[in-house]
Amino acid sequence: MQTTNPQSTATRAIFVRLTTEKERTEFYASLDGPKWWINGKRKDSDQGWVEVFRDSWWKCIFCGRDLAASTDALVEATEEHLVPRSLLEPNGVEPSVAHNMAACCASCNVLKGECIPAKDHPCWKSRQAYVKECYRFISSQRLKQYLRYRDHVEKVLRERAGE
Ligand SMILES: [Zn+2]
């Protein structure tokens, strides 16, 4: 179990995925401290994405990939709700506000999915710490995918190279 001791911020968060409405309401009710994800202007879906990407310097908030490097990168990119809509909406909290949104590359978005840090982890207390912990989780998911696929990728590349 994680501790709520603020000095334990280096402790890696366990990530969880909530599946029922009951889990989501109980989880949200148990969060204490400042709720940074409710702050900022509401983003409308038509024009709001430009502001979201501009606020993120057109880079993925997690891995830093340049989303303006090509049209493909931008087309695939997503508007990330840092604290997922699936947690906020059942609790009557508006998810699409400035502090809860960021630009995110397609792969980081898929790797993060609906997973969130366990409720007692201190990263919930600041946006920066939360983003950092999410990036650590995404990186661990990316490593799992790498280990799963690397042999296949090598085989395909060798075949294509005629080796
Ligand atoms: Zn990314």
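Why does tryptophan 58 count as partly exposed? Tryptophan 58 falls into this class because 17 C-beta neighbours lie inside 10 Å. Burial was assigned from C-beta atoms placed from the backbone: a residue is buried if 20 or more other C-beta atoms lie within 10 Å of its own, exposed if 12 or fewer, and partly exposed in between.

The structure is a predicted model, in which local features need pLDDT of at least 70 and side-chain atom pairs count only at pLDDT 80 or more, whereas totals for chains, interfaces and linings use all residues. Residues are numbered from 1 along each chain as its sequence is written.

The chain contains six helices and four strands, defined as DSSP runs (helices H or I, at least four residues; strands E, at least two) and numbered from the N terminus. Their order from the N terminus is β-α-α-α-β-α-β-α-β-α. The C-alpha trace spans about 60 × 40 × 30 Å along its principal axes. Of the 163 residues, 23% count as buried. Among contacts with a separation of 6 or more, 73% are formed by residues 24 or more positions apart; two residues are in contact if their C-beta atoms, placed from the backbone, lie within 7 Å.

The loop between α2 (48–55) and α3 (71–76) holds tryptophan 57, and tryptophan 58 is also placed in the loop between α2 and α3. Tryptophan 57 has a positive phi of about 60 degrees although it is not a glycine. For tryptophan 58, likewise not a glycine, phi is positive at about 55 degrees. Tryptophan 57 counts as partly exposed because it has 13 C-beta neighbours inside 10 Å.
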